[in-house]
Amino acid sequence: MLTGIEEVDWASLGHAYGPADDVPELLRGLASADPAERETALDGMYGAVHHQGDVYDSTLACIPFLLELVADPAVQDRGCIVELLTSIGGIELDDDDELDELDPDDGEFIPAANYAMAAAAIAAGSDVFLGLVSDPDPEVRLAAPCALASLHPEPARALTLLRERLTVERDTEVRLALVAAVGRIALRHASLRAETVDWLGWLARAAQDPGLRLAALAQRARCAPGDIPDDIVPWVTGLLEEIRASAQGPVAPGTERGATPTLIGQVRELLEEHAAGRPAPWTEELLRTLHAALDDRVDDRIALILAQLRSPDWGQRSDAIWLCGGLIRIWRGRYEEVVRLVGAQLHDPEPRLREAATSFLERLFELGAPAADALAARLAGGPTGVGPGQALGPGQGAGSGSGSGSGSGSVKQAGQAGQAGSRKAGQGGCGGSGPQHGFVGRSGRDGALLALARAGDTRAVPLLARALEEPEVRRELLYAMDGLGPSAAMLAPLLRRRLAEVELDERLYDRAAPLLYALAAVRGAQAVPEVLRVLRGAPSNRRDWVREAALRTLAAFGPAAHKAVPDMRGLLTAESATVATTAARALWAAEGDLGEVLPALERWLRPGASGADWCSAAQALGEIGPAAASMASALLPGLGARDLWVRVRSAAALWRVSGDTATTLPVLLAAWEENRHARVDVAECLAEMGPAASEAQLVILTELTRRRRHNAREGASGSHDIHLDEKLLTVCRAALARMERGAF
């Protein structure tokens with residue numbers, strides 16, 4: 001076994017962490033009789049030799065030995081090695097990919113040709129996969145179909161074999177893998193697509209197993225998204241009900257493995273935890289594939305999710321929540337009923353379902369309002385709520401276990417999930433899109449409170465007060481106080497006390513910044529002495545950040561911060577533009593005297609100023625408004641800057657100080673088209689302009705009719721993405737209303 005491994009000069013080769021002289025030990029570890037050693041070796045392969053999908057020269061050198069291991073029936077866990085080979089050889093480079101994937105000056109030069117050589121090397125030995133479709137080991141049979149679909153140079157031969165194997169295979173998950181591989185071949189090879197789509201359509205109707213019919217339907221939709229049947233919702237809903245009715249109970253646990261101190265081991269355990277107690281955990285991946293094919297058919301997707309949320313099967317309801325998370329992040333729609341039903345899951349006895357619901361609701365902000373009653377009820381008490389004396393701090397543990405791609409707990413999924421993202425889309429297996437959610441959860445109680453506060457529900461205020469009495473407070477709760485209105489003023493004394501207790505050490509910014517933000521949100525001007533203590537005592541570590549945060553809070557206090565005027569005035573000449581301009585804004589808010597403020601801001605509107613510095617000064621002038629009209633000429637050069645944000649900030653500020661629509665509107669509309677992330681700022685300015693911006697009416701109408709969120713990103717998301725898009729829609733409606741009123 002591993003013949004010739006010593007003849008390779010491994011030390012001259014490299015991987016993610018330097019010389020590859022440790023690779024022989026990893027390869028031998030894959031063949032070990034010890035399960036823990038095998039898993040550790042596999043973790044090393046994904047972590048170094050195939051780090052985040054990269055293909056190094058050492059990766060290429062491993063391929064013959066990996067193929068040898070796969071061909072040896074005495075080697076255990078060969079399915080994991082098949083999946084590793086599929087990942088290494090299955091990367092499909094686009095025509096416009098750069099020849100050099102990484103900068104050679106960084107010492108991580110990886111020629112794009114490595115990926116092609118890997119694919120060719122594995123394809124040359126891919127006949128070994130043909131025999132694996134009938135291997136006695138079901139994990140090997142589970143991995144082999146995707147390898148054939150991705151790597152075998154004769155797709156028609158592979159397609160025939162996969163379809164034939166389906167007639168004799170009895171393992172449910174292997175059968176689903178066979179169907180997924182058939183779909184992958186059809187997607188990759190146009191000459192085989194029409195025939196395969198017809199076969200998948202036949203299978204979706206002819207198969208006796210409802211799971212197999214659902215798999216065929218999902219793959220048919222994936223291969224022919226323009227030809228999805230109109231009755232897809234009742235069809236899929238019926239199949240899910242058949243699957244539920246035919247389930248005989250939870251799947252039996254697999255062979256128990258000992259815990260290993262590896263990322264793959266940790267993710268595998270979470271995948272297994274997710275599947276535990278569920279008779280058909282694989283339905284999640286089938287539905288994910290189907291949702292990806294439905295794409296912008298938002299109403300159909302919502303209808304499917306609603307049907308799942310009403311299912312007696314908690315697993316289907318959990319799947320629906322995760323699927324809706326991906327839907328609502330990308331697409332606008334009517335989600336009120338979905339949110340209400342997700343809120344109902346907060347009282348379910350299954351903790352994984354409650355955690356999935358809480359995690360989903362945390363990101364909704366104003367869209368979470370239909371679930372507010374359920375959130376408030378959970379927090380009011382009961383077995384899943386916060387009762388008297390219970391802590392609301394963040395130290396409640398983690399680990400959701402509520403999300404996986406297929407629920408099978410395969411090491412391939414663990415490897416890919418553990419290795420922070422694939423390099424190319426072709427690496428992600430044979431199913432639909434992979435998991436879109438993380439594996440680490442937070443306290444359900446903190447999450448429910450965060451969701452309630454972000455929804456702007458004032459019932460969160462007394463609960464936040466209780467949270468502020470605890471030793472630790474989740475920082476997101478402090479940043480959620482800005483949407484609670486005047487009722488949150490009662491939190492000011494508690495916030496003031498906590499700020500007074502913060503030590504003036506090198507961790508000051510991390511501890512004080514959320515409290516300063518919250519004090520500004522609740523207008524807690526009685527905390528001026530505590531804010532000044534932080535402002536004056538900022539250590540050298542991130543001093544400018546601390547000062548800026550403190551000055552922003554003082555600016556929010558307005559004239560009530562008059563005691564801080566000497567400190568504000570002293571910082572007008574700070575070397576940091578953000579500190580100096582924020583000090584100017586705070587001084588204007590406190591005194592209303594522009595005598596020293598305008599020169600301090602003009603200092604940063606000079607040739608040679610950085611884009612960030614210019615933007616800081618422009619924003620400050622915009623907040624001052626018409627009183628700073630004398631600064632209009634200083635802002636004009638920014639309208640022609642190369643930096644888009646300098647143009648946007650300058651145009652917005654110029655409008656606010658001078659009311660000059662003719663000069664600023666073309667700049668703002670050009671930025672709208674150039675960078676979608678500028679649209680919220682531009683829309684706010686258009687709403688202020690009102691009838692004067694009537695020529696932007698078509699732009700606003702077009703945005704309001706788009707189904708896709710303006711900031712949607714495939715495979716990535718931020719906690720505030722939905723909130724920012726909903727804010728854009730709100731501002732656009734306000735702008736349109738003002739324009740239309742001005743037309744009459």
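This is a predicted model: local features need pLDDT of at least 70, side-chain atom pairs count only at pLDDT 80 or more; totals for chains, interfaces and linings use all residues.
Sorted by class, the residues in the contact of α27 with α29 are 6 nonpolar, 2 polar and 5 charged.

## An antiparallel pair: α7 and α8

Another pair to visit is helix α7 (residues 138–151) with helix α8 (residues 155–166), where the packing angle is about 150° and the axes are 10 Å apart. Angles over 145 degrees count as roughly antiparallel, and α7 and α8 are therefore roughly antiparallel to each other. The crossing of α7 past α8 is left-handed.

From α7, the contact uses Arg141, Pro145 and Leu148. From α8, Ala158, Leu161, Leu162 and Arg165 take part. In the contact of α7 with α8, 5 residues are nonpolar and 2 are charged, with no polar ones.

## An enclosed helix: α21

Helix α21 (residues 444–454) is largely enclosed by the rest of the structure, because 10 of its 11 residues are buried. The buried residues of α21 are Arg445, Asp446, Gly447, Ala448, Leu449, Leu450, Ala451, Leu452, Ala453 and Arg454.

What do the buried residues of α21 pack against? Their partners are the helices α18 (351–362), α19 (372–380), α22 (460–468) and α23 (475–479). Just after α21 comes Gly456, with a positive phi of about 80°.

## Helix α13 and the glycine after it

Helix α13 (residues 263–275) contains 13 residues. From its first C-alpha to its last, α13 reaches 19 Å, close to the 18 Å expected at 1.5 Å a residue.

Which residues of α13 are buried? They are Ile264, Gly265, Val267, Arg268, Leu270, Leu271, His274 and Ala275. After α13 comes Gly277, and the phi of Gly277 is positive, near 80°.

Asp77 has a positive phi, near 60°, in a residue other than glycine. Asp77 sits in the loop between α3 (57–71) and α4 (78–89).

Arg523 is also a residue other than glycine with a positive phi, here near 55°. The loop that holds Arg523 runs between α25 (508–521) and α26 (528–537). Is Arg523 buried or exposed? Arg523 is exposed, with a relative accessible area of 53%, and the cut-off for exposed is over 50%.

## The chain as a whole

Stepping back, the chain holds 37 helices and 2 strands. Of its 744 residues, 56% are buried. Counting contacts in the chain between residues at least 6 apart in sequence, 71% join residues at least 24 apart.

Methods:
Residues are numbered from 1 along each chain as its sequence is written. Side-chain values use heavy atoms; hydrogens and water are left out. Axes are lines fitted to C-alpha atoms, for helices over the stretch in contact, and angles run from 0 to 180 degrees between N-to-C directions. Helices (H or I, at least four residues) and strands (E, at least two) are DSSP runs, numbered from the N terminus. Angles under 35 degrees count as roughly parallel, over 145 as roughly antiparallel, 65 to 115 as roughly perpendicular and the rest as oblique. A crossing is left-handed if the near helix is turned anticlockwise from the far one by less than a right angle, and right-handed if clockwise. Contact means heavy atoms within 4.5 Å. Ala, Val, Leu, Ile, Met, Phe, Trp, Tyr, Cys and Pro count as nonpolar, Asp, Glu, Lys and Arg as charged, and the others, Gly among them, as polar. The expected span of a helix is 1.5 Å times one less than its number of residues. Buried means under 20% relative accessible area, exposed over 50%, partly exposed in between (1.4 Å probe, protein chains only).
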